[in-house]
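Subject: Structure for your review

Dear colleague,

Please find below the structure that I am handing over to you. My notes on strand pairing and on charged side chains follow it.

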Amino acid sequence: MHMVNTNVTPSTNNAGLVGLRFFFETTCKQPAMKDCLHFRTEPRKLPVVFSAEEVFEILRVAPGPRLKYRAALSISYGTGVRASEVCNLKVTDIDSDRMLIHVEKGKGGKDRKVTL
């Protein structure tokens, strides 16, 4: 396929392959052709992990005179909770005795517990 030798992303390449598979299987009635078409996979990249000094520096320069932004950043980075979930947290959602945070209506509208 021509797209393999160009700077086309794997997702764009795979979208073209799906169209070709449909064309050969449905329109041309040649299902054996789909064995010649191979999907490309995205290379997996490791996430960027900040050092302890970098995290302290980010928290130190957090905007605002109060602890609100620093606390939101600390919770987000330390627990892996999404930004929208941090914004919707209430004081009653934090169970300091059991070291848990109850996230209500997170991604997909699901509730979950996160370790503090």
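Two strands are taken to pair if DSSP finds at least two bridges between them. The model is a predicted one, and the notes below should be read accordingly.

**Strand pairing**

By that criterion, S1 pairs with strand S2 (residues 100–103) in the antiparallel sense, over two bridges. One of the contacts brings together Ile-94 and its bridge partner in S2, Ile-101. The sheet as a whole is open and holds three strands in the order S1-S2-S3, with antiparallel pairing. Strand S1 (94–95) and strand S3 (112–115) form its edges, each pairing on one side only.

**Salt bridges**

In general, side chains of opposite charge can pair when their charged atoms come close. The structure holds six salt bridges, and I describe some of them here.

The side chains of Glu-85 and Arg-112 form a salt bridge with an N to O distance of 2.6 Å. Glu-85 belongs to helix H4 (residues 83–87) and Arg-112 to strand S3, so this pair ties together parts that lie 27 residues apart in sequence. How accessible is Glu-85, buried or exposed? Glu-85 has a relative accessibility of 4% and therefore counts as buried, the cut-off for that class being under 20%. Arg-112, at 30% relative accessibility, counts as partly exposed.

A salt bridge also joins the side chains of Glu-104 and Lys-90, at 3.5 Å from N to O. This pair links distant parts of the chain: Glu-104 sits in the loop between S2 and S3, and Lys-90 in the loop between H4 and S1, 14 residues apart. Glu-104 is partly exposed at 38% relative accessibility, and Lys-90 is partly exposed at 43%.

Asp-95 forms a salt bridge with Arg-98, where the closest N and O atoms are 3.7 Å apart. Asp-95 has a relative accessible area of 26% and is partly exposed. Arg-98 reaches 56% relative accessibility, so it counts as exposed, given that this class begins over 50%.

With kind regards

Methods. Residues are numbered from 1 along each chain as its sequence is written. This is a predicted model: local features need pLDDT of at least 70, side-chain atom pairs count only at pLDDT 80 or more; totals for chains, interfaces and linings use all residues. Side-chain values use heavy atoms; hydrogens and water are left out. Helices (H or I, at least four residues) and strands (E, at least two) are DSSP runs, numbered from the N terminus. A salt bridge is a side-chain nitrogen of Lys or Arg within 4 Å of a carboxyl oxygen of Asp or Glu. Buried means under 20% relative accessible area, exposed over 50%, partly exposed in between (1.4 Å probe, protein chains only).
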